[in-house]
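Here is a short note to read beside the model. Take the points in order and find each residue as you go.

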Amino acid sequence: MLLLNHCLQNVWVMTQTWRNVLFIHWPISPTMLRPLIPACLDIDTFQGNAWIGVVVFHMEGIYPRGWKHWSVTPSFPEINVRTYVTYHDEPGVYFLSLDVNNWASLHIAKRWYHLPYYRANVSLTEREEGFHFEGVRYHRSFSMKGTYTPTGESFYAYPGTLTHFLTERYTLYSSDWRGNVYHARIAHSPWRLQTSDIFLNQNSLFSFYSWTPLREKGLVHFSPGVDTRVFPIQKIHENTFV
């Protein structure tokens, strides 16, 4: 049975197509993040700083294994807020919020992968001046809107650099209301990146946490996207104090 479970954990269950991806990152003090991260996860830092990322992209399809040409949902845009952690030296992403207006994400993925999805009015459109995005969370005043334009030559992040630290992550971590912690592995080719100009009209996503990033201007990158394989979710830590 243990061997069967191990084998199943190493079989991907779905593919996802992510397109026109914007990464914005700000350095932040690890002590500001610590209350929001499960105690069993270590906050990952680069030269002493933790990092907060906002990622905007278009989910073009979610395809269960064996259904190569059939997506379980129409395409939709997403805005997520994330930071970076490790568990037993395995680096990954910990999501603090994911804003969508998509039924499958809000009602299936939220429960299955224990991710903090919020219902929001999110749009992402390509215009002459670049990609314009806007997200306004329902029932709350948190929002973000702006325009990003890819610039410069394409490149792949070199290991050991800050850009590699921020983008080349292949494990997601999540937790449930009981305090149990989970992980799932993600497989895709390395990100093909470009520098990007950005104009932010508004950003109140951080106001919920009362954060103050260590610098006002974020580090911005663009990618045309990747095709991913998503593996099953697995509990890695059980909270025995509930």
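1. Start with two terms. Two strands pair if DSSP finds at least two bridges between them. Helices (H or I, at least four residues) and strands (E, at least two) are DSSP runs, numbered from the N terminus.

2. Now the ground rules. This is a predicted model, where local features need pLDDT of at least 70 and side-chain atom pairs count only at pLDDT 80 or more, while totals for chains, interfaces and linings use all residues. Residues are numbered from 1 along each chain as its sequence is written, and side-chain values use heavy atoms, with hydrogens and water left out.

3. Look at β6 and β7. The two strands run antiparallel, joined by eight bridges. A hairpin of two residues connects β6 to β7. Find T125: its opposite residue in β7 is H132.

4. On to β5 and β6. Strand β6 covers residues 117-127, and three bridges join β5 to β6 in parallel.

5. Next, the charged pairs. Side chains of opposite charge can pair when their charged atoms come close. A salt bridge here is a side-chain nitrogen of Lys or Arg within 4 Å of a carboxyl oxygen of Asp or Glu. How many salt bridges does a search of the whole structure find? The search gives five.

6. Take D227 and R19. They form a salt bridge, with the closest N and O atoms 2.9 Å apart. D227 sits in strand β12 (residues 219-230) and R19 in strand β1 (residues 14-28), so the pair ties together parts 208 residues apart in sequence. D227 is partly exposed at 48%, and R19 is partly exposed at 21%.

7. Then E90 and R185. Their side chains meet in a salt bridge of 3.0 Å, N to O. This pair links distant parts of the chain: E90 is in strand β5 (residues 90-100) and R185 in strand β10 (residues 181-187), 95 residues apart. R185 has a relative accessible area of 39%, so R185 is partly exposed.

8. Finish with K145 and E134. Their salt bridge is 3.3 Å, N to O. K145 belongs to strand β8 (residues 143-156) and E134 to strand β7 (residues 130-137), eleven residues apart. Both ends have a class: K145 is partly exposed at 22%, and E134 is partly exposed at 26%.

Technical notes. Buried < 20%, exposed > 50% of the residue type's maximum accessible area, 1.4 Å probe, protein only.
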